[in-house]
Amino acid sequence: MRAGATSLVERVQNAVDSPPIDGEYSINGLLVNPFAGKSREEMDYMIKNFMAVTQIDSHSTDLFCKGALLAQNSDAFKDGELDGMSLRPEEQRALKAEGPDGNKWDQPGILYALVACCSMGAAVQGWDETAVNQAQIYYGPSLGLGGDDLHPSFRLGLLNSAPYLCCAVLGCWLTDPMNHYLGRRGTIFVSCLISSLSCLWQGFTNTWWHMFIARLALGLGIGPKSATVPVYAAESTPKQIRGALVMMWQTWTAFGIMLGYISGVVFRDVKEDLNWRLIIASPCVLPLVVCAYVYTLPESPRWLLAKARRSRGDGSKYYQKSFDSLRRLRKTPLQAARDMILIYYSLENEISIKKQRNRFIEMFSVPRNRRGLQASSLVMFLQQFCGVNVLAYYSSLVFQIAGYTKPDAALASMGFGIINFVFALPAFYTIDSFGRRNLLLCTFPLMAIFQLLTGLAFLAPDKSMGRKVLVTVGMYLFSVAYSPGEGPVPFLYSSESMPLYVRDLGMSLFTAVTWLFNFILSITFPPFLEAFGLTGTFGYYAAWCVVGFFGILLIVPETANQTLEELDARFSIPTRKHSVYGLKQLRWCFMRFVLFRKCEKPEIDVEVSIPGNSTGTGRSSSMMPSAAGHGTFIGPGGNAPTLVVRRKFNPRANTNRHGSVETYSLDQV
């Protein structure tokens with residue numbers, strides 16, 4: 001550090017012991033960047049308070065001073081130095097890599113080891129779900145299920161749906177207490193251990209009710225694991241690559257689903273009564289690898305900070321552990337210091353907000369929250385009732401009814417699983433470039449057509465080649481349409497649609513919704529098959545795909561490439577207005593692509609307030625809800641000039657780092 005560089009450090013050490021009073025800040029602003037709009041005196045106090053509470057080595061004060069300034073403004077050291085402090089060359093290179101022109105994937109090896117562990121956790125999830133697919137075509141006589149190969153009993157549906165019943169009723173709600181007491185790593189360890197033991201247990205059952213109990217126990221592993229692994233990955237990774245990790249969870253779950261089908265093919269020729277035991281017990285190995293691996297990784301820094309805050313004794317050791325964890329997960333100690341102080345104050349603000357507001361009631365009573373809730377609940381519901389998990393859990397049975405032998409049905413199901421994984425990969429690109437809503441609107445009509453094709457194929461003569469070909473083509477094409485759209489979008493969309501202060505509560509609800517309808521879908525398929533046949537059953541799911549298309553068109557806004565302020569404005573648009581916009585979109589598509597007539601493309605007004613000066617330079621500040629619901633920004637002194645961007649909605653609009661939208665007209669207010 002250069003001479004005179006201690007000026008900020010000394011000022012922090014001499015800062016007043018009470019925080020200066022400043023203007024009001026929005027809830028999202030408080031959680032995303034608690035330093036936004038803070039004066040230098042406020043920053044001095046916050047740094048001093050942080051050092052006093054955490055009791056981290058005083059020699060690190062300089063590091064945390066620089067980290068706090070970078071947390072407030074990533075360009076703080078753009079001119080080389082600030083307040084006598086400057087960055088070392090390796091720090092400059094690491095920060096440059098975070099920028100739009102840098103290599104954001106240049107991260108420490110331990111971070112990629114953590115991502116690999118989370119990927120295996122996702123694969124465990126998929127394998128747990130589909131191992132039963134091919135086991136069920138063999139275990140009927142051994143377990144006394146009743147029915148026959150072509151007319152499954154209600155008990156078969158009960159066995160398939162048992163884990164998801166447990167997830168919806170108990171498993172998902174155990175997530176919070178398990179994370180509270182065991183941490184992220186402990187929860188992953190316990191849930192994977194439960195998954196492994198319950199899979200092994202299933203292989204030793206001899207009655208249907210014994211299998212039912214074992215599969216209920218499997219739900220205790222699936223529920224907490226499905227909620228914790230993505231959170232652990234998100235809390236441990238830099239924001240530059242955090243979004244891709246949501247896609248990672250869906251992609252590697254699809255990989256695990258494929259492994260479940262492959263295991264069925266591998267063990268299909270083993271003698272009867274042993275083959276299904278090996279198939280359904282095969283997922284027990286991978287979770288043991290995760291169990292052996294997870295404690296070699298750092299704990300979530302955010303969880304350690306929360307643990308330190310709850311600690312009644314000396315919490316300083318947990319603060320130090322959090323900093324040590326971040327230093328392992330970041331390229332430089334400076335980045336670790338920046339992220340730690342940012343997480344610390346974001347967590348403080350989050351806890352304060354939770355004490356002051358009834359978050360559960362506000363999920364339903366605040367219009368902006370309610371619209372996010374209804375949109376996310378719809379896409380989660382449709383992820384199940386489009387019928388994909390009927391194919392995931394019963395595809396071998398469906399192929400048998402189409403005329404395949406049991407070994408060939410297992411092979412055809414493996415093809416379905418491979419397609420599901422391969423066509424999930426393009427979503428890494430299309431989900432941002434094409435947009436979440438556009439992907440759903442394009443793929444739901446295709447899913448309806450292919451579900452209908454699969455159902456109508458069963459009107460062909462029994463065991464005819466045409467029947468087998470049409471069923472296979474219909475199911476495979478349905479997987480092609482589902483994998484890049486309704487496969488990855490729901491979890492990503494749900495993580496974006498709710499404001500930050502209710503996001504964790506919303507995600508718990510959305511996860512419970514998807515498992516509940518997964519259970520309903522699984523348990524109702526055998527009765528539907530008996531009552532309506534496969535033609536009527538697949539026609540039913542095709543009808544839900546049509547309903548889903550119109551539901552998405554009318555009440556699901558786009559969230560791709562939107563800042564938090566833009567998302568708030570987007571979900572502040574009344575549902576009726578958005579529905580009218582959706583119908584105009586449908587009419588435009590018909591005129592443009594069916595009748596080949598040129599007409600004006602419909603647009604919807606979105607008003608987004610952005611703080612700045614009269615020249616249009618954006619600055620971090622705050623948004624307080626206005627009577628109109630669009631928001632008004634209040635600067636640090638409560639009287640900063642405000643710029644309002646009134647623009648037509650375009651989900652692909654580029655934004656700069658301050659969230660202000662480029663190439664749009666500005667009206668000085």
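1. A residue counts as exposed when its relative accessible area is over 50%, and as buried when that area is under 20%. Q55 has a relative accessibility of 55%, and therefore falls in the exposed class. The model discussed in this note is a predicted one. Q55 is found in the loop that runs between α3 (40-54) and α4 (61-72). Its phi is near 55 degrees, a positive value in a residue other than glycine.

2. K463 is not a glycine, yet its phi is positive, at about 60 degrees. It lies in the loop between α21 (436-457) and α22. With a relative accessible area of 70%, K463 is exposed. As background, most residues other than glycine have a negative phi.

3. On overall make-up, the protein has 669 residues, of which 57% count as buried. Its secondary structure consists of 26 helices and nine strands. Taking contacts between residues at least 6 apart in sequence, 77% join residues at least 24 apart.

4. The largest nonpolar core has 87 residues, and the members that touch the most others are Y139, F444 and F525. Helix α24 (residues 500-555) gives the most to this core, contributing 14 residues. Another core, of 38 residues, lies apart from it; Y319, L334, I343 and L347 are among its members. In general terms, nonpolar side chains in soluble globular proteins tend to be buried together.

5. For F444, residues up to four places away in sequence are set aside. What remains in contact with F444 is L382, C386, E486, C545, G548, F549 and I552.

6. The pairing of α19 and α22 comes next. The axes of helix α19 (residues 406-422) and helix α22 (residues 465-482) come within 8 Å of each other, crossing at roughly 20 degrees. Because that angle is under the 35 degree limit, α19 is roughly parallel to α22. The crossing of α19 past α22 is right-handed. From α19, the residues A412, G415, F416, I419 and N420 take part, and they meet M475, Y476, S479, V480 and Y482 of α22. By class, this contact has seven nonpolar and three polar residues, with no charged ones.

7. Helix α8 (residues 175-202) and helix α12 (residues 285-294) have axes that come within 8 Å and cross at roughly 155 degrees. Since angles over 145 degrees count as roughly antiparallel, this label applies to α8 and α12. Here α8 passes α12 in a left-handed crossing. On the α8 side the contact is made by R185, I188, F189, C192, L193 and S196, and on the α12 side by P287, L288, V290, C291 and V294. These residues divide into nine nonpolar, one polar and one charged.

8. Helix α13 (residues 301-310) and helix α14 (residues 316-329) also have axes that come within 8 Å, with a crossing of roughly 170 degrees. That value makes α13 roughly antiparallel to α14. P301, L304, L305, K307, A308 and R309 of α13 make the contact with Y318, Y319, K321, S322, S325, L326 and L329 of α14. The division by class is eight nonpolar, two polar and three charged.

9. I222 belongs to helix α9 (residues 208-236). Its relative accessibility is 0%, so I222 counts as buried. Between I222 and I194 there are 28 places in sequence, and the C-alpha to C-alpha distance is 8.7 Å. Leaving out residues up to four places away in sequence, I222 touches Q125, D128, P163, Y164, C167, S195 and W515.

10. N33 lies in the loop between α2 (27-32) and α3. Despite this loop position, N33 counts as buried, because its relative accessibility is 16%. N33 and L342 are 309 residues apart in sequence, with their C-alpha atoms 7.0 Å apart in space. L342 is also one of the contacts of N33, together with A71 and Q72, once neighbours within four places in sequence are left aside.

Note on methods:
Residues are numbered from 1 along each chain as its sequence is written. This is a predicted model: local features need pLDDT of at least 70, side-chain atom pairs count only at pLDDT 80 or more; totals for chains, interfaces and linings use all residues. Side-chain values use heavy atoms; hydrogens and water are left out. Axes are lines fitted to C-alpha atoms, for helices over the stretch in contact, and angles run from 0 to 180 degrees between N-to-C directions. Helices (H or I, at least four residues) and strands (E, at least two) are DSSP runs, numbered from the N terminus. Angles under 35 degrees count as roughly parallel, over 145 as roughly antiparallel, 65 to 115 as roughly perpendicular and the rest as oblique. A crossing is left-handed if the near helix is turned anticlockwise from the far one by less than a right angle, and right-handed if clockwise. Contact means heavy atoms within 4.5 Å. Ala, Val, Leu, Ile, Met, Phe, Trp, Tyr, Cys and Pro count as nonpolar, Asp, Glu, Lys and Arg as charged, and the others, Gly among them, as polar. A nonpolar core is a set of buried Ala, Val, Leu, Ile, Met, Phe, Trp, Tyr and Cys residues joined through side-chain atoms within 4.5 Å. Buried means under 20% relative accessible area, exposed over 50%, partly exposed in between (1.4 Å probe, protein chains only).
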